[in-house]
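Keep the structure open while reading.

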Amino acid sequence: MTRTVIRALGLAALTAAAAPAAFADAGQHRTFVITADCYRGPTTATIWDHPQGSFVTDLVAYGYDYANANAIATVICKDETLVNNPELLKARVAAEIAQMPPR
């Protein structure tokens, strides 16, 4: 199982820095922790890989509806380039959120 913690401050910002960090968002001072938690099968192929509940739950708490949170987490967990690469995993989560922020 792979678990990477990402911290975000405010509703519209997420960081992909090596150490957890945060961005300020115009008057928002709530901190969100998104745990990119993927079950990893016994190989680097992502045949059995899928998001753990905490990953989806954290995305929902961040502002996504369940369907979009599950879709984002599934796409990320199925990406073979992210296996055993927590920094790239953080960057990919940040990129997905920047591309499709919660509404």
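Helix H1 spans residues 53-62, and its buried residues are Phe 55, Val 56, Asp 58, Leu 59 and Tyr 62. These residues share one side of H1, because they cover an arc of only 160° around the axis. The model is a predicted one.

**Helix H1**
- Thr 57 and Ala 61 are exposed, on the face of H1 turned away from its buried side.
- Gly 63 follows H1 and has a positive phi, near 135°.

**Helix H2**
- H2 covers residues 66-77, twelve residues in total.
- From first C-alpha to last, H2 reaches 16 Å, close to the 16 Å expected at 1.5 Å a residue.
- Ala 69, Ile 72, Ala 73, Ile 76 and Cys 77 are the buried residues of H2.
- Seen down the axis of H2, its buried residues fall within an arc of 125°, so they line one face of the helix.
- An α-helix has 3.6 residues a turn, so residues three or four places apart point the same way.
- The cover over the buried residues of H2 includes strand S2 (31-39), strand S3 (50-51), H1 and helix H3 (86-99).
- At the start of H2, a side-chain oxygen of Asp 65 comes to within 3.2 Å of the backbone nitrogen of Ala 67.

**Asp 37**
- Asp 37 sits in strand S2.
- Asp 37 counts as buried because its relative accessibility is 1%, and the cut-off for buried is under 20%.
- The side chains of Asp 37 and Ser 54 make a polar contact at 3.1 Å.

Technical notes: Residues are numbered from 1 along each chain as its sequence is written. This is a predicted model: local features need pLDDT of at least 70, side-chain atom pairs count only at pLDDT 80 or more; totals for chains, interfaces and linings use all residues. Side-chain values use heavy atoms; hydrogens and water are left out. Buried means under 20% relative accessible area, exposed over 50%, partly exposed in between (1.4 Å probe, protein chains only). Helices (H or I, at least four residues) and strands (E, at least two) are DSSP runs, numbered from the N terminus. The arc is that of the directions from the helix axis to the C-beta atoms. The expected span of a helix is 1.5 Å times one less than its number of residues. Contact means heavy atoms within 4.5 Å. A polar contact is a pair of N or O atoms within 3.5 Å; within protein, one must be able to donate a hydrogen and the other to accept it, and residues adjacent in sequence count only if both atoms are side-chain atoms.
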